Amino acid sequence: MSSKPYSDMQNQAAILIESGMRIALVHSMTGLPMRMLRDLWSAIHGELKPPGRMPYNSIAYIKNGQSVTGLAMVVSVYLYAKKERKSIVESFLSAWEASQLSADSDSNLDINAAWYAVRDVKAGIITWCRCNRCGAGYILDTKMTRKSDGCNYCGTMGKKIIGVAQ
């Protein structure tokens, strides 16, 4: 667990859980005890546990309709926040909050998908690129779940593959 005060970590966990992040993911990010997180989930959502199984990676979420552009934006903000020496949780919360500010009413970006996108880019499971034209970071569709591998923002096909983002 981080050296941050315990109450700060609990507050961050509550924000993540309120946004719908699954208990196992919150536990892996914060290191807080599972029992405490289950109690927190129950207090926030009025349920004993989250419903059903969830996909195991960002590609599965993309195939189920998650916005590739929204996920790429979360990853971009997360990577920037990490460069500012923020903790994993602080960096992710910054990225999640930014995605919620820019989301339109039709987009339902799932917080679990957002975390998996960050995790998968960091692990090299999905490829992270930078557009040669507009400079935006985006997820390269190596699994061919979409028809185009161009930039999500300007459509340019020219890219610089960053690979594993640190």
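Helices (H or I, at least four residues) and strands (E, at least two) are DSSP runs, numbered from the N terminus. In the predicted model described here, the protein chain has seven helices and three strands, and from the N terminus on the elements run α-α-α-α-α-α-α-β-β-β. Residues are numbered from 1 along each chain as its sequence is written. Because the model is predicted, local features need pLDDT of at least 70 and side-chain atom pairs count only at pLDDT 80 or more, whereas totals for chains, interfaces and linings use all residues; side-chain values use heavy atoms, with hydrogens and water left out.

Of the 166 residues in the protein chain, 42% are buried, that is, under 20% relative accessible area (1.4 Å probe, protein chains only).

Helix H5 spans residues 68-83 and has 16 residues. The distance from its first C-alpha to its last is 23 Å, close to the 22 Å expected at 1.5 Å a residue, where the expected span is 1.5 Å times one less than the number of residues. Buried residues of H5 include Val68, Leu71, Val75 and Leu79. Among the elements that cover the buried residues of H5 are H4, helix H6 (88-102) and helix H7 (111-123). After H5 comes Arg85, with a positive phi near 65°.

Ser58 lies in helix H4 (residues 58-63) and counts as buried because its relative accessibility is 0%. Beyond its neighbours within four places in sequence, Ser58 is in contact (heavy atoms within 4.5 Å) with Tyr116, Ala117, Asp120 and Ile126.

Technical notes: Buried < 20%, exposed > 50% of the residue type's maximum accessible area, 1.4 Å probe, protein only.
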